[in-house]
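Hi there,

Here is the structure I promised to pass on to you. Have a look at it first, and then read on below.

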Amino acid sequence: QVQLVESGGGLVQPGGSLRLSCAASGSIFRTASMGWYRQAPGSQRELVARIMSGIATNYAASVKGRFTISKDNTKNTVYLQMNSLQPEDTAVYYCNAQYSGKVYWGQGTQVTVSS
């Protein structure tokens, strides 16, 4: 019922930028808490950023000042603007939704930061 589809990943040089998009189910988008997580090889999946049903946001300390999460309610899409990317940002990035006590995940999109 709930579908999350990420896009926008790819290869970028250090200092570069990428914008990730997550298209979400319209039936839950307005009331769900939406987030971006990432998982690097050999590491645990970690929260990158989250935006609530309103406009409140939360960021991991490692990305504060560099990443911005936002959403477009008319398009049922949440974005992650990533600036000043560094090699340590390399990971698979996953879109996440929390709604009515349940958690939903997208399939993930690879972000690689390398010279």
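Below is what I found in it, starting with the overall fold and then moving to single residues.

A word on the source: this is a predicted model, in which local features need pLDDT of at least 70 and side-chain atom pairs count only at pLDDT 80 or more, while totals for chains, interfaces and linings use all residues. Residues are numbered from 1 along each chain as its sequence is written, and side-chain values use heavy atoms, with hydrogens and water left out.

**The overall fold**

The protein has 1 helix and 11 strands; helices (H or I, at least four residues) and strands (E, at least two) are DSSP runs, numbered from the N terminus. In sequence order, the pattern reads β-β-β-α-β-β-β-β-β-β-β-β. The radius of gyration is 13 Å, close to the 13 Å that the globule rule gives for 115 residues, so the protein is as compact as a globular protein of that length. That radius is taken over C-alpha atoms, and the rule is 2.2 Å times the number of residues to the power 0.38. Along the principal axes, the C-alpha atoms fill a box of roughly 40 × 25 × 25 Å.

Of the 115 residues, 43% are buried. Buried means under 20% relative accessible area, exposed means over 50%, and partly exposed is in between (1.4 Å probe, protein chains only). Taking contacts between residues at least 6 apart in sequence, 52% join residues at least 24 apart, where contact means heavy atoms within 4.5 Å.

**The aromatic cluster**

Which residues do the ring pairs link into a cluster? They are Tyr-37, Tyr-94 and Trp-105. The whole structure holds 2 aromatic pairs. Rings of Phe, Tyr and Trp (its six-membered ring) pair if their centres lie within 6.5 Å; planes under 30 degrees apart count as stacked, over 60 as edge-to-face and the rest as tilted.

For Tyr-37 and Trp-105, the ring centres are 5.0 Å apart and the planes stand at 70°, so this pair is edge-to-face. Tyr-37 belongs to strand E4 (residues 33-39) and Trp-105 to strand E10 (residues 102-105), so the pair ties together parts that are 68 residues apart in sequence. Tyr-37 counts as buried at 16% relative accessibility, whereas Trp-105, at 37%, counts as partly exposed.

Tyr-94 and Trp-105 also form an edge-to-face pair, because their centres are 6.4 Å apart and their planes are at 90°. Here Tyr-94 in strand E9 (residues 91-99) and Trp-105 in strand E10 are 11 residues apart. Tyr-94 is buried, at 14% relative accessibility.

**Two buried polar residues**

Asn-96 is found in strand E9 and is buried, with a relative accessible area of 1%. Its side chain makes a polar contact of 2.5 Å with the side chain of Arg-50. Such a contact is a pair of N or O atoms within 3.5 Å; within protein, one must be able to donate a hydrogen and the other to accept it, and residues adjacent in sequence count only if both atoms are side-chain atoms. Beyond its neighbours within four places in sequence, Asn-96 is in contact with residues including Tyr-37 and Trp-105.

Arg-66 lies in the loop between strand E6 (57-59) and strand E7 (67-72), and is buried at 17%. A polar atom of the Arg-66 side chain lies 2.9 Å from the backbone oxygen of Ser-62, and one lies 3.0 Å from the backbone oxygen of Ser-84. Arg-66 and Asn-83 are 17 residues apart in sequence, yet their C-alpha atoms are 5.1 Å apart.

Best wishes
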